[in-house]
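Subject: Structure handover

Hi,

My notes follow below it.

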Amino acid sequence: MHFLYKFFTYLFYPFSSFYLFIRILNKKEDPRRYKEKLSKTKIKRDEGFLIWFHVASVGEAMSILPLIENCLEEKKIDTILLTSITLSSGRILEKRYKQNTKVIHQFLPIDIPIFIEKFLNHWKPNLSIFIDSEIWPNLILQISREKIPLLLINARITKKSFDRWKKIISFSKKIFGKFDLCIVSNKETENYLKILGA
């Protein structure tokens, strides 16, 4: 199953720039920053401990603000990298931490191996934390290959989502088994994640 997923993402690779261009026309991407989704950035990775949080939506971004504030006070953490997908969540995070030199916001690259590898090689996170239900197979497997600790916090999986993952259970176990720790938001999600291999 992973071979097929990886194969189709490679097929999509030549069209990725055009895809983002269409999204720009539909006002779903930032025309100044869309290249971040192609893993292109001008921001350098400074020395020291870098913790990486990934969120998808505005709700997820807002839910981890207290955690980010605590990390800002932790002297052992030198850099906080925040990645998101949606334009609205990106704008909220960028605006909130624009004046804080310890925090960097980037848009997460499309889940194509060449982009993912470039992203991880550039940022080299010491710890990666996904919020809620953000599951990107190529990204998760590459994080595991590079031996970067991976956490899933405030995890939520609906019955509908669980049923989809259960249909490809061997692939699901390969993906969910890569998380070093899952902190769930409810008992139902805990049961689902255990079945899916977390």
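Strand 5 (150–155), helix 8 (159–166), helix 9 (169–176) and strand 6 (181–184) pack against the buried residues of helix 10. Contact here means heavy atoms within 4.5 Å. Helices (H or I, at least four residues) and strands (E, at least two) are DSSP runs, numbered from the N terminus.

This is a predicted model: local features need pLDDT of at least 70, side-chain atom pairs count only at pLDDT 80 or more, and totals for chains, interfaces and linings use all residues. Residues are numbered from 1 along each chain as its sequence is written, and side-chain values use heavy atoms, with hydrogens and water left out.

Helix 10

Which residues of helix 10 (residues 187–195) are buried? They are T189, Y192 and L193. Buried means under 20% relative accessible area, exposed over 50%, and partly exposed in between (1.4 Å probe, protein chains only). The arc is that of the directions from the helix axis to the C-beta atoms. The general rule: an α-helix has 3.6 residues a turn, so residues three or four places apart point the same way. K187 and K194 are exposed on the other side of helix 10.

Both flanks of the helix deserve a look. N186 caps the N-terminal end of helix 10, with a side-chain oxygen 3.4 Å from the backbone nitrogen of E188. The cut-off for a polar contact is a pair of N or O atoms within 3.5 Å; within protein, one must be able to donate a hydrogen and the other to accept it, and residues adjacent in sequence count only if both atoms are side-chain atoms. After helix 10 comes G197, with a positive phi near 105 degrees.

R156

R156 sits in the loop between strand 5 and helix 8. Its relative accessibility is 41%, so R156 counts as partly exposed. Leaving out residues up to four places away in sequence, R156 touches D132, S133, S185 and T189. T189 is one of the buried residues of helix 10.

Helix 2

S16 brings us to helix 2 (residues 16–25), where the buried residues are S16, L20 and I24. These cover an arc of only 80 degrees around the axis, which puts them on the same side of helix 2. F18 and L25 are exposed on the other side of helix 2. Cover for the buried residues of helix 2 includes helix 1 (2–12) and helix 6 (113–123). Just after helix 2, K27 has a positive phi of about 60 degrees.

Cysteines

How many disulfides are there? The count is zero, taking a disulfide as a pair of cysteine sulfur atoms within 2.5 Å. For the sulfur of C71, the closest cysteine sulfur is in C182, 18 Å away, too far for a bond. C71 is buried, at 8% relative accessible area. C182 is partly exposed, at 23%.

Whole chain

The protein chain has 10 helices and six strands. Its C-alpha trace spans about 45 × 40 × 30 Å along the principal axes. Buried residues make up 46% of the 198 residues. Among contacts between residues at least 6 apart in sequence, 70% join residues at least 24 apart.

Best regards
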